[in-house]
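Here is a friendly briefing on one protein model and the partners it holds. Have the sequence and the 3D view open, and follow along topic by topic.

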Amino acid sequence: MVTIESYDNEEKKRNKKEVMDFLKTVMLQTPEEYNNMMKKTMLNRLTGKGTYKSFDMRCMVTGQFAAGKSSLVKLLVGDVIPEGRHPTDGISLHEGRCGLDVQTREWILINPETYNAMDVVYNKVLMTSNEEMEPNPKEKLDQQQASDTSPSGSKDDDMVNPGVLQQSQAMALPLPLNTSDNLSKQPPAALTLSPQASSIVPLSRQQLKQKMKAKMTKDEIRRQMEKVLKSGKYKMKVGRLIFWDFGGQYVYYTTHQTFMTYRALFLVVFDGSKGLHEQVPDVLCFPGQHMAPTPAVFLQHWVNCILTYCKAVYAGIPKILFVATHKDKVPREIIETQRESVFFGVEELFKDHEGRHHLVLDKRIFVNATDKFDPEIEVLKKTITHLTFEHPCWGERMPNACVPLELEIAELVAEGKQILSLTEVEELNAISKVSILSFNQLRDFLHFHHSLGKIVYFDTPQLRDYVIICPLLLVEVMRSFVTGI
Ligand SMILES: Nc1nc2c(ncn2[C@@H]2O[C@H](COP(=O)(O)OP(=O)(O)OP(=O)(O)O)[C@@H](O)[C@H]2O)c(=O)[nH]1
Ligand SMILES: [Mg+2]
């Protein structure tokens with residue numbers, strides 16, 4: 001045991017400290033511990049004014065083309081399923097459409113008409129003021145002043161209105177409402193990367209100051225928070241589920257990996273009415289392979305892709321849930337036999353796979369992805385809920401200090417902005433009337449929000465001058481490289 005004693009001379013103290021630091025480092029060997037340590041350090045640096053609990057889960061829906069991914073996602077978020085075949089072009093994002101009640105674990109659908117991306121962030125700020133541990137005296141004073149104008153605090157639960165559609169509190173960078181459509185189907189103005197349409201050209205300091213002048217102030221935030229609370233339409237403790245529906249055609253495969261993250265739950269969807277080793281007709285060989293494509297080949301591809309591109313931070317995370325579709329294509333009397341057969345096939349396929357502990361194989365969900373009354377849709381919702389609550393990132397603490405900048409960026413995204421120059425982000429931070437992050441805190445903010453998938457920021461010499469605040473823009477850019485369109 002190395003102990004620094006008060007009678008040790010300076011050099012001895014230094015030497016002992018070095019040994020202790022070394023021991024601490026080697027003891028923190030696992031990626032999980034290392035990650036926790038890094039996160040704690042970073043959060044502490046950003047915190048200053050405490051943290052809030054963030055309930056935010058991404059459900060990544062992957063699998064072979066035409067397996068029923070989009071149909072399934074539409075059922076889960078309460079959308080109408082269109083007639084006929086509509087292949088997903090890139091990635092389709094469904095956000096602000098459903099969530100989970102953090103206390104009752106109820107699946108909650110959100111009316112898109114009442115969805116307001118900014119309110120999501122205000123809810124988050126609100127939660128900040130009552131979720132926290134004992135504030136320091138100065139903060140207490142601030143809160144007291146705030147409570148003069150806002151009914152935040154213990155009244156929180158009184159605001160719960162179970163009969164009303166709810167909205168979650170935990171999103172930092174909401175996208176415009178049209179993101180539940182494919183990005184490529186958005187109005188061209190939102191997509192073009194020309195300097196006129198996007199915000200690539202940095203504004204001058206003066207222009208920016210003028211532009212941002214009327215934005216976030218403490219009063220504005222408090223006023224909005226009060227509105228959110230008084231509306232009674234919102235319940236504080238509803239976490240968000242964001243569905244990422246991946247296009248299943250080969251052409252998109254190169255783009256998908258960019259968005260793989262362990263901070264998510266994965267669904268791998270396949271057509272359960274077909275044999276796992278039946279050749280898929282009219283398709284080219286799988287990229288990089290010469291064997292005939294079968295559902296089994298697609299399942300292996302997706303599992304390998306997910307586990308290759310997601311960092312191993314927590315043991316067995318991310319979880320991968322298999323969902324079979326096209327149950328209605330199987331005669332009723334043999335549904336159970338078919339279920340046994342396909343899921344036994346999936347188990348066989350991965351029995352020696354080294355990522356086996358990521359796979360959820362015991363649920364054996366077999367649905368008709370076009371029928372919202374199929375009782376197994378409820379089973380699927382329950383399973384997603386369970387896996388979300390088990391996920392170590394569900395309810396993780398986030399620093400409050402970032403919230404004002406998140407609000408500013410959220411507002412720009414809502415206005416249709418997709419990219420900001422780093423200078424613009426720095427200016428935005430510098431003119432904040434609520435809290436200004438230091439240079440290092442701002443870097444941490446960008447890295448951390450990149451890891452959350454809320455922005456895209458690569459800190460490399462060629463790319464570090466731009467921040468993509470609407471991550472799906474990247475899919476569109478990469479898709480245009482692949483297809484040449
Ligand atoms: N009968 C039946 N049809 C289904 C089922 N699931 C999907 N379909 C149909 O299959 C077709 C493809 O469904 P999608 O949901 O678009 O499939 P996808 O996996 O999103 O396809 P990509 O976006 O190309 O990867 C559509 O015409 C759906 O109506 C199912 O469980 N039963
Ligand atoms: Mg689709």
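Let's begin at the ligand: a backbone N or O atom of A67 lies 3.1 Å from an oxygen atom of ligand 1. That is a polar contact, meaning a pair of N or O atoms within 3.5 Å; within protein, one must be able to donate a hydrogen and the other to accept it, and residues adjacent in sequence count only if both atoms are side-chain atoms. Please keep in mind that this is a predicted model, where local features need pLDDT of at least 70 and side-chain atom pairs count only at pLDDT 80 or more, while totals for chains, interfaces and linings use all residues. Residues are numbered from 1 along each chain as its sequence is written, chains are lettered from A and ligands numbered from 1 in the order in which they are written, and side-chain values use heavy atoms, with hydrogens and water left out.

**Around ligand 1**

- A polar backbone atom of A66 sits 2.9 Å from an oxygen atom of ligand 1.
- S70 takes part through its side chain, with a polar atom 2.8 Å from an oxygen atom of ligand 1.
- On its own, ligand 1 exposes 650 Å², and the protein buries 88% of that; such areas come from the Shrake-Rupley method with a 1.4 Å probe, and for residues only the protein chains shown count as cover.
- The ligand is surrounded by 23 residues, the closest being K69, S71, R85, T88 and D328; a residue is near a molecule or strand if one of its heavy atoms lies within 4 Å of it.
- Helix α3 supplies the largest share of this shell, three residues; helices (H or I, at least four residues) and strands (E, at least two) are DSSP runs, numbered from the N terminus.

**The magnesium ion**

- Which residues coordinate the magnesium ion (ligand 2)? They are S70, through OG, and T88, through OG1, at 1.9 to 2.0 Å.
- This pair links distant parts of the chain, with S70 in helix α3 (residues 69-77) and T88 in the loop between α3 and β3, 18 residues apart.
- Donors are N, O and S atoms within 2.8 Å of the metal (3.2 Å for Na, K and Ca); water is not among the atoms, so sites may look incomplete.
- S70 and T88 are both buried, where buried means under 20% relative accessible area, exposed over 50%, and partly exposed in between (1.4 Å probe, protein chains only).

**Charged pairs**

- The whole structure holds 17 salt bridges, each a side-chain nitrogen of Lys or Arg within 4 Å of a carboxyl oxygen of Asp or Glu.
- In one of them, R240 meets E95, with the closest N and O atoms 2.7 Å apart.
- R240 is in strand β5 and E95 in strand β3 (residues 91-101), so this pair links distant parts of the chain, 145 residues apart.
- Are R240 and E95 buried or exposed? Both are buried.
- E348 and K351 also form a salt bridge, at 3.5 Å from N to O; E348 is partly exposed at 38% relative accessibility, and K351 is partly exposed at 44%.
- R443 and D459 pair as well, their closest N and O atoms being 3.9 Å apart.
- Because R443 lies in helix α15 (residues 439-451) and D459 in the loop between α15 and β11 (466-468), the pair ties together parts that are 16 residues apart in sequence.
- K327, E336, R339, D374 and E376 are joined into one network by salt bridges that share partners.

**Aromatic rings**

- There are nine aromatic pairs in the whole structure; rings of Phe, Tyr and Trp (its six-membered ring) pair if their centres lie within 6.5 Å, and planes under 30 degrees apart count as stacked, over 60 as edge-to-face and the rest as tilted.
- F246 and W302 make an edge-to-face pair, 6.3 Å centre to centre with 75° between the planes.
- F246 is in strand β5 (residues 238-246) and W302 in helix α10 (residues 295-309), so the pair ties together parts 56 residues apart in sequence.
- F246 is buried at a relative accessible area of 0%, and W302 is buried at 0%.
- F55, F389 and W394 form one aromatic cluster.

**Backbone details**

- Most residues other than glycine have a negative phi, and most peptide bonds are trans.
- The peptide bond from I317 to P318 is cis, with omega near 10°.
- R105 is not a glycine, yet has a positive phi of about 65°; R105 is in the loop between β3 and β4 (107-109).
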